[in-house]
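Thanks for coming. I will go through one structure, sheet by sheet and then helix by helix. Please look at the sequence and the model first.

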Amino acid sequence: MEIVVNHVTKTIKNITVIEDVSLTLTSGTIYGLRGVNGSGKTMLMRLIAGLIRPTEGTITIDGKVLGKDISFPPDIGMLIENPAFIDHYTAAQNLKLIANIHRKVGEERIREVLEQVGLGADDPRKYKQFSLGMKQRLGIAGAILEYPALLLIDEPTNALDTDGIEMVRDLLLEQKQRGALIILACHDFSVLRELSDEIYLVREGRVTPYETQDKSE
């Protein structure tokens with residue numbers, strides 16, 4: 001997969017939230033986004049996911065223009081902002097709902113991915129009974145469930161303990177090894193630096209390469 005972000009600007013209520021961003025992103029790579037809250041990291045992910053449209057510029061995925069040739073990336077998994085699932089369903093029931101849309105994976109994969117993120121496949125508890133960490137783990141499970149070619153992950157270590165952060169590391173590296181294109185935003189710079197092949201600094205809607213000599217900051 002190749003994603004080309006070509007001079008993209010996004011303006012919302014006369015405020016420029018993404019300004020003239022150009023990037024070329026390819027499969028088998030983890031791209032890290034570093035920036036403070038409100039810098040534009042999540043907005044850039046939402047643009048690439050097709051959830052919002054650029055005010056100017058284009059985003060192409062394997063040569064097809066998002067919002068013109070295709071409405072959304074054809075093979076995507078994502079966790080953007082907070083996970084959201086059906087309160088009165090279990091973890092397995094929620095993932096089954098996702099799996100039933102495209103029918104790419106079955107119950108065996110659902111059980112596998114729940115075990116990977118540390119949630120029991122047979123746990124009878126409903127989503128509304130989950131702790132914040134459990135909800136985050138289910139969000140990660142939902143994102144990787146169908147082996148997506150494009151994975152957008154926004155603050156995956158939120159509410160996770162040390163074991164949970166290690167789980168995130170292992171899963172993202174596994175997704176990279178199978179050839180996924182991963183865009184990762186993470187406040188934990190040690191995690192971002194360890195996992196990312198390339199890091200971009202996002203500041204006031206502008207995106208620039210994060211230089212090697214600055215990585216000690």
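Before any strand is named, a definition: two strands pair if DSSP finds at least two bridges between them. Strands here are DSSP runs of E with at least two residues, helices are runs of H or I with at least four residues, and both are numbered from the N terminus. The model is predicted, so local features need pLDDT of at least 70 and side-chain atom pairs count only at pLDDT 80 or more, while totals for chains, interfaces and linings use all residues. Residues are numbered from 1 along each chain as its sequence is written, and side-chain values use heavy atoms, with hydrogens and water left out.

I start with the sheet of six strands. What is the order of the strands in this open sheet? The order is β6-β7-β8-β3-β9-β10, and the pairing is mixed. At the edges stand β6 (76-79) and β10 (206-209); each has a single partner strand, so one side of each has no neighbour in the sheet. On average, neighbouring strands of this sheet are turned by 20° against each other, direction ignored. For angles in this talk, axes are lines fitted to C-alpha atoms, for helices over the stretch in contact, and angles run from 0 to 180 degrees between N-to-C directions.

Now to strand β3, residues 30-34. Four of its five residues are buried, where buried means under 20% relative accessible area, exposed means over 50%, and partly exposed is in between, with a 1.4 Å probe and protein chains only. β3 pairs with strand β8 (residues 181-185) in the parallel sense, over four bridges. In that pairing, Tyr-31 stands opposite Ile-183 of β8. β3 also pairs with strand β9 (residues 198-203), again parallel and over four bridges. Which residue of β9 is the bridge partner of Gly-32? The partner is Ile-199. A general point about strands: in a regular strand the side chains alternate between the two faces of the sheet.

Further along, strand β7 (residues 150-154) runs parallel to β8, joined by five bridges. Ile-153 has Leu-184 in β8 as its bridge partner. Helix α5 packs on this sheet and touches β3, β7 and β8, with its direction at about 150° to that of β8. Contact here means heavy atoms within 4.5 Å. Helix α4 lies across β6 and β7 and runs at about 165° to β6.

Is Gln-175 buried or exposed? Gln-175 counts as buried, because its relative accessibility is 1%. Its side chain makes a polar contact of 2.7 Å with the side chain of Arg-178. A polar contact is a pair of N or O atoms within 3.5 Å; within protein, one must be able to donate a hydrogen and the other to accept it, and residues adjacent in sequence count only if both atoms are side-chain atoms. Leaving aside neighbours within four places in sequence, Gln-175 is in contact with Ile-144, Leu-151, Ala-180 and Ile-182.

The other sheet is also open, with four strands in the order β2-β1-β4-β5 and antiparallel pairing. Its edges are β2 (15-26) and β5 (64-65), each with a single partner strand, so one side of each is left without a neighbour in the sheet. Helix α1 (residues 41-48) packs on this sheet, touching β1 (2-12), β2 and β4, and its direction makes about 60° with that of β2. Strand β4 (residues 56-61) is joined to β5 by two bridges, and Thr-60 has Val-65 as its bridge partner in β5.

Last, helix α2. α2 packs against α4 (residues 132-144) at about 25°, with the axes 10 Å apart. That makes the two roughly parallel, because angles under 35 degrees count as such; over 145 is roughly antiparallel, 65 to 115 roughly perpendicular and the rest oblique. In α2, Ala-91, Asn-94, Leu-95 and Ile-98 meet Leu-138, Ala-141 and Gly-142 of α4.

Asn-94 sits in α2, residues 91-102. Asn-94 is buried, with a relative accessible area of 3%. A polar atom of its side chain lies 3.4 Å from the backbone oxygen of Tyr-89.
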